[in-house]
Amino acid sequence: MTNAAPSSPLQALARIRADVRAMHAYGVQPSTGMLKMDAMENPFRLPAHLQAALGQRLGALALNRYPGDRLLDLKASLAQYAGLPEGYGIVLGNGSDELITLLALACAQPGTGQRATMLAPMPGFVMYPLSAQLQGLDFVGVPLTPDFELDEPAMLAAIAQHNPAITYIAYPNNPTATLWDEGAVQRIIDAAGAQGGIVVMDEAYQPFASRTFIDRMRAEPARNAHVLLMRTLSKFGLAGVRLGYLIGPAAFVSEIDKVRPPYNVSVLNCEAALFALENAEVFSEQAAEIRAERTKVLAALRQMPGIEKCWDSEANMILVRVADSARAYDGMKNRKVLVKNVSTMHPLLANCLRLTVGAASDNAQMLAALQASL
């Protein structure tokens with residue numbers, strides 16, 4: 001009997017992909033004792049009577065059973081809430097992050113010798129290139145203009161050159177909070193469709209935007225038959241519930257649904273989402289308050305000495321440029337206010353901070369900390 005050589009953790013780690021070992025995990029800043037203005041969360045809790053009612057419903061769930069037909073009720077409720085076009089269906093995800101992964105997985109071409117391509121304007125959501133990398137797609141980032149508008153000629157040229165399987169258009173965009181020109185967006189969609197590509201309109205921040213692309217999808221279904229609309233309930237007010245949904249022609253979403261893990265949405269997530277949609281007017285009022293606060297915060301920032309640039313916003317965040325973003329970020333953190341220093345994400349974001357818009361008292365504390373840190 002031959003004695004096996006002792007195993008080595010380093011040998012076993014070598015089995016993990018080299019690109020994964022070279023990556024950094026998605027980091028969430030420790031926030032105990034801090035005012036958290038770095039993640040675009042809805043600052044409002046449910047009213048006490050709704051907390052009690054939700055608690056009763058969640059407590060009565062059969063946690064010993066896998067999710068079942070209640071998910072069909074959730075799809076129906078989301079369809080009504082979003083105004084689902086006729087002939088369209090819904091795929092549910094554990095947040096929109098999972099939906100991005102599922103789309104990449106469905107479009108990857110393993111074993112064919114040809115890699116599919118994902119394309120998106122940049123700076124944009126970090127999960128687009130990360131998902132492409134992990135699922136084996138090439139990623140093409142097309143820079144925005146210096147003022148964070150779509151570079152339409154560059155987008156059209158990149159689509160013609162790279163023939164992307166998936167093109168993402170965040171509507172509004174993160175971290176710039178911009179809602180791009182509708183005509184330019186449609187022309188980019190048309191160009192991608194002419195090459196047989198899929199376009200995903202990412203409307204994570206739709207509760208705070210002045211328009212939604214679902215209106216164009218409903219008005220011109222044939223022209224936009226290759227367009228999928230992705231939303232999340234995170235900015236609706238349920239960031240902790242982790243519920244995203246993808247809208248598209250029924251035949252289309254049924255293919256994507258094939259790569260969805262079984263039972264990816266828990267009975268707790270499902271019931272909490274249903275409860276929230278039944279009380280959508282509460283969340284609508286919260287969004288309206290945040291939009292009103294956004295106007296006030298923008299006005300205050302534009303009068304603040306040391307703010308070099310403050311961009312218009314169609315989301316619950318505001319992008320600002322300062323002289324030294326690292327110093328401003330550290331100063332705010334020392335004053336117990338967390339924001340996002342996005343300056344290293346892309347060259348166009350040099351010395352930029354992303355500020356969440358929250359409740360009036362939170363915004364006042366954030367603005368005071370920012371002014372003292374410039």
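Because we are looking at a predicted model, local features are taken only where pLDDT is at least 70 and side-chain atom pairs only at pLDDT 80 or more, while totals for chains, interfaces and linings use all residues. Residues are numbered from 1 along each chain as its sequence is written, and side-chain values use heavy atoms, with hydrogens and water left out.

Let me begin with the empty space. Rolling a probe the size of a water molecule over the atoms shows where such space is left. Here the search runs on a 1 Å grid over the protein atoms alone, where a cavity is a set of points at which a 1.4 Å probe fits but cannot get out, a pocket is an open set with protein on both sides within 12 Å along at least five of seven lines, and lining residues have an atom within 4 Å of a point. Grid points are joined across faces, edges and corners, and a volume is the space filled by probe spheres set on the points.

The largest pocket has a volume of about 1400 Å³. It is lined by 46 residues, and those closest to its centre are Tyr 26, Gly 27, Phe 125, Val 126 and Lys 340. If we ask which elements give two or more residues to this lining, they are α5 (95-107), α6 (127-135), α10 (234-238) and β12 (340-341), where helices (H or I, at least four residues) and strands (E, at least two) are DSSP runs numbered from the N terminus. The element that gives the most is α6, with five residues. By class, the lining divides into 23 nonpolar, 14 polar and nine charged residues, with Ala, Val, Leu, Ile, Met, Phe, Trp, Tyr, Cys and Pro counted as nonpolar, Asp, Glu, Lys and Arg as charged, and the others, Gly among them, as polar.

The second largest pocket holds about 480 Å³ of space. Of the 26 residues that line this pocket, Asn 42, Phe 44, Arg 45, Leu 46 and Gly 237 lie nearest its centre. Two or more lining residues come from each of β1 (35-36), α3 (48-59), α10, α12 (267-278) and α13 (280-302), and the lining as a whole has 14 nonpolar, eight polar and four charged residues.

Leu 119 counts as buried because its relative accessible area is 0%, where buried means under 20%, exposed over 50% and partly exposed in between, with a 1.4 Å probe and protein chains only. Setting aside neighbours within four places in sequence, Leu 119 is in contact with Val 140, Val 142, Met 155, Ala 158, Ile 159, Pro 164, Ile 166, Thr 167 and Tyr 168, contact meaning heavy atoms within 4.5 Å. The C-alpha atoms of Leu 119 and Gly 141 are 5.9 Å apart, although 22 residues separate the two along the chain.

Ser 313, in the loop between β9 (307-310) and β10 (317-322), is also buried, at 9% relative accessible area. A polar atom of its side chain lies 3.1 Å from the backbone oxygen of Ala 315, and the Ser 313 side chain reaches the backbone oxygen of Met 317 at 2.6 Å. Beyond four places in sequence, Ser 313 touches Ala 177, Arg 294, Leu 298 and Ile 318.

Finally, some backbone geometry that I would ask you to look at in the model. The peptide bond from Met 122 to Pro 123 is cis, with omega near 10 degrees, and Pro 123 is found in the loop between β3 and α6. The bond from Asn 174 to Pro 175 is cis as well, with omega near 20 degrees, and Pro 175 lies in the loop between β5 (166-170) and α8 (182-194). Arg 242, in the loop between α10 and β8 (244-249), is not a glycine and yet has a positive phi of about 60 degrees; this residue is partly exposed, at 27% relative accessible area. Tyr 263, in the loop between α11 (250-257) and α12, has a positive phi near 60 degrees and is partly exposed at 47%.

Definitions and conventions: Polar contact = N/O pair within 3.5 Å; in protein donor to acceptor, adjacent residues only side chain to side chain.
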